[in-house]
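Take a moment to look over the chains before reading on. We will go from single strands to whole domains.

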Amino acid sequence: MIFGRHSVLKRGCSTWDAQLVPQAEFQARLEVMRKLMAQLNLDALVIYGDNYSFADLTYLTNYFPKVRGGIAVVPAAGAISLLLNIGSRDVPFAKTLTWVEDVRASNQVGADAAKLLKEKGLDRARLGLVDSGQGFPLPQLEEMKSALSRVTWENVHSLFQPIRLQKRPCEIAAMSAAGRLLKEVCDGAAAFIKPGRKEYEIVADIDRLARDKGAEDIRILAGEKRLNPPSFKQAGSVGSHWAVYLAVQHERYWAEAGRTYITAQDATLENVYARAQEVVAAMAKQLKPHRTMDAIDDIARRELGEFYAAASMYGIANGIGLNQWEAPFLNEDDARQVGALSVGATRLDENMTVALRVTIATEGKIVLFGDSFQVTAGGAKSLLDS
Amino acid sequence: MRDNGLQTLLVHDSGRHNFLRMNYVAYLTDFISVGPETILLVPLDDQPVLYLSPVWDIPRAQQESWVSDVRPFKEFRSRLPNVMGKVGLIGREAMYVDLYEEIVKSLKQIPVNAKDILETMARCKGPFELERLRRAAEIADAGVKALHDDARPGLKEFELAAIVEYRMRSLGAEDNFGMVVANNHNQALHPATDRLTQPGDIIIGEITPCIGGLFVQICRTMVLGEPPAVVREKYAILHNAMGLGMDAAQTGAPASAVAKAINGAFVDAGYEKYCRPPFMRVRGHGLGCGSFAPGSLEEDNQTKLEEGMTFIIHPNQYLPETGYLTLGDTVVMTKTRAESLMRSSWDIYIKE
């Protein structure tokens, strides 16, 4: 599966566009979640999120941690609380990113979570723990649980997975906005990628283009022989081509693309790149309701032949949304690599959103093409062209 | 390891890079992982093995680190039952519960938390790290200059932040704990919003480029246009506090001495209550990925400042008349005292 280097701070444009994703949307999501909680006889949920894995926390609250993690406490009835590992002076800013009114600062989330749960009368309750990103720091988790000896804990890490599979209209709108931003970045990047330029200089140009357009976060992997994260050690100069994986987060939602920029006349490279695009197009034809994820894999195997094994290391298809990688996954191995407990769904349905990517490694060079799509009744719709 | 009776060390990293925490795998290998599972297995009397995901990143690990034996993470699972003797674990704090329980089960023992071995080893930077930190400091200074050169009314906050980021990435910075915000009365530092900057805005920044996994931080304040006299007057308190903090940072002194010196400057100026939450808490801190020593500069931190420690001293302060103002330098402890790694002036920068 593809991974970019995770940044220490989500430092891009940090706002809540309440016209794009209004508060009523979160109330609707909360109602759905509370029905699920009732079915499981849960008195409350404790949802962990951090700046690496924030999807479930964000889905209900719109808040996304900028540095360190935090929890949302979602009782079966009554107000949600956010307990965040931030300074108390950071609370007013945190409140601009969420509709939740009760936002608290903590530098010991485990211990303070226990206090908060006691305050809400949940110290003898049946609580669901949601940590789908497996990020709750172990000492903090132990501290919280040990202070609540009468609580019955249920691990419900996958609770959100089914309801986040099919995107709601405003999620599609947010992802389309991310896709349009990404398309502008992909188009603009061509001007920066010139033979002889240092890789990190080009990364700086692409990064700025995305940030100037209001991206919340950016992931870049690039190279001629393999995909590398930005590093001062990757100070080589661009030669005949440059393969780039780009993911942009905007208003919490991700879109990703892969492009190869060929800088010299090289018929072989151009043919390989055209082939990568053809394979993605063939896979995208499977993006229709009721088709199976296996069908995408079958197409990739058939079309890529001997190149399939190398391509599959980077992942060929996965869901995308509040996470760069989320259900549906192509197979259990892909899911496990990102910490998901299952593939999520084996069949596609309308308004699922899927990233497809093909890497072809040949003669010591790598070529990449990829795109993000919405599954519609009429077939795949690129989020970059929406 | 011998001193602690350990036959094997397991050093873990989760790919969740945090500039307030040490990246133990990077410290030992000079490789910064991107995937969620990385473990360096260090036998007492044999070569280390680096296990990581994703598998496509193995060639980069082989190129960037000195460890020659790099393998897919799933091979770690089959190796575990064969690990004998007393085992130490470093990086448990960032480990997820299932992996920890799997390790305990496979080892048939609870590994000793051995993080102090590396925390102690790493607390004073050596020449290799200082070379990178000095380069990062030059880049940080360049980021500040770019902001001075290009900031103007009409830009959005996130565009101001992008100016700094662009300059620093162009010079090789890999990451940045960067917050640049603008307002005529800033409440606090935070990631950039879409607010349009106005004439008279005070721009504050906490700029933290990373080179080779090591961060330096610089904090500065600038104003778009001539500020009211009160801004210069109150900023002078920060300037004074910065000097007092630097003077207090003597080798062998406790970290608390720096915090006390800085707080003293604000107490003398009548701002005692503003030295406590919700306004302020720490007067600087270590910078992670490398060692976070000496920790947070607070009045109860008795950690002795040692030659080679690097950390930021920042008398950043919210003041009711001006809002939040920032000033700070990353310093290195020499044989006798703290020396700044930065060259940018401490003066408030006025952009005409």
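Predicted model: local features only at pLDDT ≥ 70, side-chain atom pairs only at ≥ 80, totals over all residues.

Two strands pair if DSSP finds at least two bridges between them.

Stay with strand 14 of chain B, residues 310-313. It is joined by 4 bridges to strand 17 (residues 329-333) of chain B, and the two run antiparallel. Strand 13 (residues 284-286) of chain B is also antiparallel to strand 14, with 3 bridges. There, B:Gly286 stands opposite B:Phe311. Both faces of strand 14 of chain B are covered. B:Thr310 and B:Ile312 are buried on one side, B:Phe311 and B:Ile313 on the other. Buried means that 20 or more other C-beta atoms, placed from the backbone, lie within 10 Å of the residue's own.

Now turn to chain A. Here 6 strands form an open sheet in the order 4-3-2-1-5-6, with mixed pairing. Strand 4 (102-105) and strand 6 (152-155) of chain A stand at the edges. Each has a single partner strand, so one side of each is left without a neighbour in the sheet. Inside the order, strand 2 (residues 70-75) and strand 3 (residues 81-84) of chain A run antiparallel, joined by 4 bridges. A:Ala72 stands opposite A:Leu82 in strand 3 of chain A.

Next, the domains, whose bounds come from an automatic or database domain assignment. Chain A is divided into domain 1 (23-159) and domain 2 (165-382). Their C-alpha centres lie 32 Å apart. In contact are 10 residues of domain 1 and 8 residues of domain 2 of chain A; contact means C-beta atoms, placed from the backbone, within 7 Å. Helix 2 (residues 55-61) of chain A gives the most to the domain 1 side, with 3 residues.

Chain B is divided into domain 1 (8-122) and domain 2 (127-351). The contact takes 12 residues from domain 1 and 10 residues from domain 2 of chain B.

Note on methods:
Residues numbered from 1 in each chain as written. Chains lettered and ligands numbered in written order. Buried ≥ 20, exposed ≤ 12 C-beta atoms within 10 Å, placed from the backbone. Contact = placed C-beta atoms within 7 Å.
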